Amino acid sequence: MDWTMDDLKTLRNATGAGVMACRRALETTRGNIEASKALIAEWGLNEVEKRASRETNEGYVALVSVPGKAAMVALACETDFVARNSLFIDVAESIARSVLISGHIRLSREAEALISDLGMRMKEKVAVSGLAYLEAKNGQILEAYRHGGGRIAAAASAEIVSEKPVSVAGESAARAMLHELCLQITAKAPLFLRKEEIPPADMEGAQKRFAEEVAGDEKLKGKPAAILERALAGKLGRFVRESCLLSQAYIKDESVDVGSWLEAEARKAGFELNPTAFIRLEIAQERSRLK
C-alpha cells in the first residue's frame with residue numbers, strides 16, 4: 001500500500017469526501033495527496049469546496065469567563081438546526097476556553113481540526129466568524145453577558161475611582177452598573193467606547209460620505225452654506241451618538257445618554273465608574289456602521 005491512514009485522514013479533512021472515495025483516490029494516485037485532491041474534485045466529490053461558497057447566517061456565540069477575564073468565539077453554520085446541536089455548542093465552548101487560557105485571539109491547530117471535523121459531521125459549512133478576548137487590568141472589574149439564545153455576547157471592564165475603600169456592597173453596585181453596560185452593548189452594538197477613541201480615518205470616512213449625501217440631497221439644493229454645514233454636523237453627530245457607547249441613548253431611558261446615566265448612578269453609590277474597554281460578538285453581525 002502506497003499510503004497510510006494519516007494520508008487518508010488528511011485527504012478527508014481537505015476534501016470532505018467519504019472514506020471509500022478517498023481510498024480509491026489514494027490507490028489510483030499511489031498515495032499522492034495533491035493528485036488525490038484533484039481526482040476527487042474531478043469526480044465532483046469535494047464537499048469542502050462545495051460548502052465554501054455557502055452562507056453562514058446561523059451559529060452560536062460561546063462565552064467563557066473567570067474573574068477578570070472573558071473570551072468568546074462566534075462559530076457560524078448554515079442552519080439553526082446545527083447551531084442548536086450539542087456537539088456544535090461543545091466545540092464552540094471548547095475553542096472559547098482555549099482562547100481564555102492562552103489569552104491569544106487566534107485559532108490553534110487543534111481548534112482548526114475540530115472545526116474541520118465538525119463540518120464533515122454536520123454536512124455544513126462551519127467557520128469561526130469572530131474571536132474576542134478581554135482582560136481587566138489590576139484594580140478593574142469585568143462583567144460578561146450572553147443574549148439571544150447564544151447569538152450575541154458582550155463583556156466590559158471598568159475602573160472604580162473612589163477616595164476611600166469601596167465596600168463589598170459598593171463593588172456589587174458597580175458590577176450591576178457594568179452588567180447594564182453589557183446589556184447596552186449587546187442591544188446597540190457600539191463600535192467605540194467614547195468619541196475620543198474614534199480613529200481619525202473613520203471620522204474622515206464618515207465626514208466624506210455624509211458630505212456627499214448632503215451635496216446630493218435634492219431638498220438641500222440651493223440652500224445657504226450655513227444650512228449645509230448644519231446638515232453635515234447633524235449627520236456626524238448622529239454617527240458619534242450611535243457609534244460610541246457612552247454617547248448612545250440609554251436603552252432603559254432614552255432621554256439620557258449612557259455616559260450621563262452611568263455618572264449619576266455611580267455618584268449615588270459614592271464613587272466614579274470609568275469604563276475602560278469592551279468586546280462584542282454576534283452571529284452574522286454587521287461589520288461596519290458607516291453605512
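Does Lys123 count as buried or exposed, and at what relative accessibility? At 58% relative accessibility, Lys123 counts as exposed, where exposed means over 50% relative accessible area, buried under 20% and partly exposed in between (1.4 Å probe, protein chains only). This is a predicted model, in which local features need pLDDT of at least 70 and side-chain atom pairs count only at pLDDT 80 or more, while totals for chains, interfaces and linings use all residues. Residues are numbered from 1 along each chain as its sequence is written, and side-chain values use heavy atoms, with hydrogens and water left out.

**Helix 6 and helix 7**

- The axes of helix 6 (residues 86–102) and helix 7 (residues 109–122) come within 11 Å and cross at roughly 170°, which makes helix 6 roughly antiparallel to helix 7.
- Axes here are lines fitted to C-alpha atoms, for helices over the stretch in contact, with angles from 0 to 180 degrees between N-to-C directions; angles over 145 degrees count as roughly antiparallel, under 35 as roughly parallel, 65 to 115 as roughly perpendicular and the rest as oblique.
- Helices (H or I, at least four residues) and strands (E, at least two) are DSSP runs, numbered from the N terminus.
- On the helix 6 side, Leu87, Phe88, Val91, Ser94 and Ile95 meet Ala111, Leu114, Ile115, Leu118, Arg121 and Met122 of helix 7, contact meaning heavy atoms within 4.5 Å.
- The residues of this contact between helix 6 and helix 7 divide into 9 nonpolar, 1 polar and 1 charged, with Ala, Val, Leu, Ile, Met, Phe, Trp, Tyr, Cys and Pro counted as nonpolar, Asp, Glu, Lys and Arg as charged, and the others, Gly among them, as polar.

- An open sheet of 3 strands has the order 1-2-3 with antiparallel pairing, where two strands pair if DSSP finds at least two bridges between them.
- Strand 1 (58–66) and strand 3 (127–135) stand at the edges with a single partner strand each, so one side of each is left without a neighbour in the sheet.
- Strand 2 (residues 69–77) is joined to strand 3 by 8 bridges, and Ala76 has Ala127 in strand 3 as its bridge partner.
- Helix 6 lies across strand 1, strand 2 and strand 3, and runs at about 145° to strand 2.

**Individual residues**

- Lys123 is found in the loop between helix 7 and strand 3, and its phi is near 60°, a positive value in a residue other than glycine.
- Arg280, in strand 8 (residues 272–282), is buried, with a relative accessible area of 16%.
- The side chain of Arg280 makes a polar contact with the side chain of Glu282 (2.9 Å), such a contact being a pair of N or O atoms within 3.5 Å, of which, within protein, one must be able to donate a hydrogen and the other to accept it, and residues adjacent in sequence count only if both atoms are side-chain atoms.
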